[in-house]
Every structure is written in C-alpha cells, then in structure tokens.
Amino acid sequence: MAASNASTASRCHALLTESLTKLTWWLSTILRIRRRGRSRNSSILFLLTLAALATRLHRISVDNRVVWDETHFGRFATRYINGEFYLDVHPPLGKLLLTLVYRTLGYIGDFEFNSGDTYPSSVPFVAARCVQAFLGALLAPVSVLILQTLHLPAAWAWTAGASVALDNALIGISRIVVLDSMLLLANASSVYAFLCFKQAQKRRLQLALVLGAALGLLCSIKLVGLLTLAVFNAFLIGDIIIYRGTAKGWLQELICLLSINGIPSLVYVLGFLAQSSIFRNYTPEADHMGSEYVTRLNNSALSLQHPTTRSGSFVVLRAAEYPFAYLSAYAASNSSEYVLATRRRLAVEDYWRVQPPRSQFCVVD
C-alpha cells in the first residue's frame, strides 16, 4: 500500500513538473512572439516615417521664392525677432515656434518676405522647410498608432499610414513654412493621447497631463483646436455622469477632467505672455491696443512724455465705441496668384497735444 502511494506521489510530482515546464515554455514563446511583433511594428513604423519624409524632402530647395503663406509667417518671424508689435487672428504659440526655428538657424530678421521674392542667402528657408517636412512626416506613424489603438485590422492601419505618407495635399503643405504641419500633428497626437487615456486603467492622471499638454499646443497654434477639445469634453463629462465607482474614483476622474482643460488654458496664456515680453517697439498697429499699452512701447509718442499731463503732453480722446471698418477684396498680382488685400480704418482714439495757455489752447498734432 505504501509502495502504491509512493508511486502515485511520484507520478503526480512528475506530471506537475512536466506541466510547469510546458507552461513556462509556452509563456516564454508568447513573450518572444510579442517582442518580435513589437519590434516588427516599430521597424515598419520607422520605414513608413522614412518614406513620408522622403516624399516631403524631395527637391524641397528647388523653389527658392517666397511661396503662398510663407509671406505672412515669415513677416511674423521678422517682427518677433525685431521686437515689433503686430496683430494677427491666430494665437501666438505656433508663430513663436516658427520664429524659434528661424532664429536657431541664424536668421536675424532682415528680410521682408514679399510674396514671390527670391530668398537671400541670409534666410535659411531650406532648413526651415525641412523642419516642417519632418513634422508632416510624423503624421503618418501617428495615424497608424491611432487605428491600432482602436483595434482595427492591421491592413487598415497600414493603408491609412501609407495614404498619409503619399497624399499629395499633405505633402504639399508640409514643404513650406506655415502652421499646418504643426497643427495637424498636434491634432493627431491629441487624438492618440485621448484614446490611450480612455483605455487606460492605471496612470490615468499622467495620461491626462500628457493629453492636456497636447491640447494646449493644439489650441495655442490655431483656435480651431477648440473643436477637438469640445469633442473630448463631451465624452469625458458623459463618463463622469454615468460613473458608478467609488467617491475616490469619481474625484480622480474629475481631477483628470480639470487637468485636461486647465493645462490648455495655461499654455494659451503663457503664449500671450511670451509674446507680450517680446513686443517692445511701437508700430502703427499698436494703436488698436489703447494708450495704456502703447505707453509701454519704445518709440511711441506716448512713451516720450511725462506720466502726468503738462504743457506739451499728448492727451487721448477716446471714443465710447470702436467703429472699425473693414474692406476686403481680391486683387490680382502680376503673377498667377491671387492676394487677399485687407484694409482697416481705425477711429478709436484721437491724440491731442497740450499747448501753453497764451498760445493756441490745443491743436491736433
């Protein structure tokens, strides 16, 4: 009987050992397959990025003239470098980043960027275009990652990535120095970060911070990013409303929501603060900002006078309303391009100069 029990125990021990050995082998095999799959996926993403970059860099230096909206963003960079005030409809962060690229590459702000003009040797336009081409090329792998995160078939993901890499419109917009490549990449990165945040079970606050930073960059390049932020908020607020977990979990979700909205607001404000610190020289466009702001700019009439009103001081008569008048028209240039010309007439403030009482009381300066 004892011998039988011993034999049974030995067989059970042998069977358990064999089972553990097979389980260990299967686990190691699965891990190797996953590592190979991840390595293969990374390799294909790298090759796809190289292909997208090749299509965007091909003969990028052939056209050495100011192309399309390069005239606007080049002038913005010139004004930033020279510290000259200007007005524009877009938030400043994207233009500040373009200026950083130009300044890092050695541009000193000595070119007018008139449409169709030939670039001088002092403007590193080829290198600046290459930076935009690189940002545009990154859109292809991010598109693949988005579809993979949605658990769509691999063929769909790679087809989408190849389409982005070879799309003629995306290639064209990535070959000039404008905000579009930066904007599209920021938007795609925000979508990818949002999907990762939605599917994550751990480190949700860290992912929320990353998502907030991506949205901050997006909304601070162009205000169209607010549409993406609104869509994300609709999903996140809905999740909080239907949340059925603990009070601590609900509070964490609320903190994530506040982070996703608070960080873009902070980035947006910091962009304007950086722009305000750069603007130091007066231009006629600064009159839109009012006398208090103009006083702080160099070379303005108001900055040259004493803080208190005295003989010879400038006095501002401000209208109760702001009767702006806009007139826009398409004017054909000598080339085949069409230029949108906008004229603005400002009737907000009138500047008067105080004269001594014995002479004329006040005259228009």
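**Overall makeup, helix packing and aromatic contacts**

Of the 365 residues of the protein, 33% count as buried. The model behind these values is a predicted one. Its secondary structure comes to twelve helices and five strands. As for how the chain folds back on itself, take the contacts with a separation of 6 or more: 68% of them are accounted for by residues 24 or more positions apart.

Helix α4 covers residues 125-137 and helix α5 covers residues 139-149. Their axes lie 4 Å apart, and the two pack at an angle of about 15°. Angles under 35 degrees count as roughly parallel, so α4 and α5 are roughly parallel to each other. On the α4 side, the meeting residues are L135, G136 and A137; on the α5 side, they are L139, A140 and P141. Sorted by class, this contact has five nonpolar residues and one polar residue, with no charged ones.

Then there are the aromatic rings. A ring pair is described by how far apart the centres are and by the angle of the planes. The count here comes to 17 aromatic pairs. One aromatic cluster is formed by F73, F76, Y80, F85, Y86, F279 and Y293. F76, a member of that cluster, also has a charge over its ring: the charged end of K95 sits there, 5.1 Å from the ring centre.

Terms used:
Residues numbered from 1 in each chain as written. Predicted model: local features only at pLDDT ≥ 70, side-chain atom pairs only at ≥ 80, totals over all residues. Heavy atoms only, no water. Phe/Tyr/Trp six-rings, centres within 6.5 Å; stacked < 30°, edge-to-face > 60°. Lys NZ or Arg CZ within 6 Å of the ring centre and 35° of its normal. Axes fitted to C-alpha atoms, helices over the stretch in contact; angles between N-to-C directions. Parallel < 35°, antiparallel > 145°, perpendicular 65-115°, else oblique. Contact = heavy atoms within 4.5 Å. Nonpolar A, V, L, I, M, F, W, Y, C, P; charged D, E, K, R; others polar. Buried < 20%, exposed > 50% of the residue type's maximum accessible area, 1.4 Å probe, protein only.
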